[in-house]
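Colleague: Before we go into details, could you take me through the salt bridges and the overall build, with the cut-offs behind each term?

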Amino acid sequence: MKKEDVLRNQKDFLNLKKYGKSFGSSHVVLVVNKNNSALNRKAFLASKKVGNSVVRHRATRLMKEAFRQIEKEQVIPTGYDLLFIARPTIVGLKCADVKKSIEAAIKRAKLQ
């Protein structure tokens, strides 16, 4: 069963790259684009610049957990594609630090 709130298609990522706006913070970059949907679709990425596969997977797990906590606490408007990209500075951080960084990026994007 596919989750509808996850970005999967290459077409969606290309649209984000072409039309999306990026908002950076110290550890995470957020790329935002409107979609014509009633829900937010999201994706979490970590490039090879972040580290080996273990480090990259930990970075994506940290971002997912931090965003899950933010969604629980705050109301984020629907109808957006959200792409979270880990910066190399995310290595060795705790979830609380990543959460602060994602909150800062969301605030810059004016999604709060």
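Colleague: How many salt bridges does a search of the whole structure find?

Modeller: This is a predicted model, in which local features need pLDDT of at least 70 and side-chain atom pairs count only at pLDDT 80 or more, while totals for chains, interfaces and linings use all residues. Residues are numbered from 1 along each chain as its sequence is written, and side-chain values use heavy atoms, with hydrogens and water left out. A salt bridge here is a side-chain nitrogen of Lys or Arg within 4 Å of a carboxyl oxygen of Asp or Glu. With that criterion, the number of salt bridges found in the whole structure is six.

Colleague: Which residue meets Asp-5 in a salt bridge, and how many residues apart are the two?

Modeller: The side chain of Asp-5 meets that of Lys-42, with 3.1 Å from N to O. Helices (H or I, at least four residues) and strands (E, at least two) are DSSP runs numbered from the N terminus. Asp-5 belongs to the segment before helix H1 (10-19) and Lys-42 to strand S3 (residues 41-46), so defined. The pair thus links distant parts of the chain, and the separation is 37 residues.

Colleague: Is Lys-42 buried or exposed?

Modeller: Buried means under 20% relative accessible area, exposed over 50%, and partly exposed in between, with a 1.4 Å probe and protein chains only. Asp-5, at 28% relative accessibility, counts as partly exposed. Lys-42 has a relative accessibility of 12%, and therefore its class is buried.

Colleague: Which parts of the chain does the salt bridge between Arg-41 and Asp-12 tie together?

Modeller: The closest N and O atoms of Arg-41 and Asp-12 are 3.4 Å apart. Because the two residues lie in separate elements, the pair ties together parts that are 29 residues apart in sequence, with Arg-41 in strand S3 and Asp-12 in helix H1.

Colleague: Which residues does Gln-69 touch, not counting residues up to four places away in sequence?

Modeller: Gln-69 lies in helix H2 and, at 24% relative accessibility, counts as partly exposed. If contact means heavy atoms within 4.5 Å, the residues touched by Gln-69 are Cys-95 and Lys-99.

Colleague: What pattern does the chain follow along the sequence, and what is its radius of gyration?

Modeller: The chain has three helices and four strands, and they follow the pattern α-β-β-β-α-β-α. The radius of gyration is taken over C-alpha atoms, and the globule rule is 2.2 Å times the number of residues to the power 0.38. For 112 residues that rule gives 13 Å, and the chain is close to this value, so it is as compact as a globular protein of that length, with a radius of gyration of 13 Å.
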